[in-house]
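Thanks for coming. I will go through one structure today, starting with the surface and ending with the backbone.

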Amino acid sequence: MIEIVVGDILKSKVDVIVFSAHPSLLAGSGVSGVIHRAAGPELEKAAKILGPLRPGEAVITPAFNL
C-alpha cells in the first residue's frame with residue numbers, strides 16, 4: 001500500500017527518509033540542506049567519505065540528530 005503525506009519531512013514519524021541528492025552527498029540548498037542542518041555536522045562528515053555516487057547508486061547513513 002502506498003500512502004502520500006504532505007507535510008514537514010523532518011516531523012514525519014518514519015523509520016527511513018529517502019531522498020535524491022547531489023552525487024557528492026554534501027548539503028545543498030534544497031531538501032538535502034534542510035536534512036543536513038537538522039541531522040547535524042555528523043551527517044556531513046559521514047556523507048563526505050561516501051560520495052561521489054554514480055547514477056543508480058545509493059547509500060545508508062545513520063540518522064544522527066533526526
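Where in the chain is the place of Phe19? Phe19 sits in the segment before α1, the helix that covers 31–39. Please keep in mind that this is a predicted model.

Phe19 is partly exposed, at a relative accessible area of 31%. The cut-off for a patch residue is over 30% relative accessible area, so Phe19, at 31%, passes that cut-off.

The largest contribution is that of α1, with 4 residues. By residue class, the lining has 23 nonpolar, 7 polar and 3 charged residues.

Now the charges. Side chains of opposite charge can pair when their charged atoms come close. How many salt bridges does a search of the whole structure find? The search finds 1. The partners are Arg54 and Glu57, whose side chains meet at 3.3 Å, N to O. Arg54 has 60% relative accessibility and counts as exposed, because the limit for that class is over 50%. Glu57, at 37%, counts as partly exposed.

Last, the backbone. Most residues other than glycine have a negative phi, and most peptide bonds are trans. Which residues does a cis peptide bond join here? The bond lies between Gly51 and Pro52, with omega at about 0°. Pro52 belongs to the segment after α2.

There are also positive phi values to report. Leu25, a residue other than glycine, has a phi near 70°. Leu25 is in the segment before α1. Is Leu25 buried or exposed? Leu25 counts as buried, because its relative accessibility is 12% and the class takes values under 20%.

Phe64 is not a glycine either, and its phi is positive, at about 55°. Phe64 is located in the segment after α2. With a relative accessible area of 33%, Phe64 is partly exposed.

That is the end of my list.

Technical notes: Residues numbered from 1 in each chain as written. Predicted model: local features only at pLDDT ≥ 70, side-chain atom pairs only at ≥ 80, totals over all residues. Heavy atoms only, no water. Helix = DSSP H or I, 4+ residues; strand = E, 2+ residues; numbered from the N terminus. Buried < 20%, exposed > 50% of the residue type's maximum accessible area, 1.4 Å probe, protein only. Nonpolar A, V, L, I, M, F, W, Y, C, P; charged D, E, K, R; others polar. Salt bridge = Lys/Arg side-chain N within 4 Å of Asp/Glu carboxyl O.
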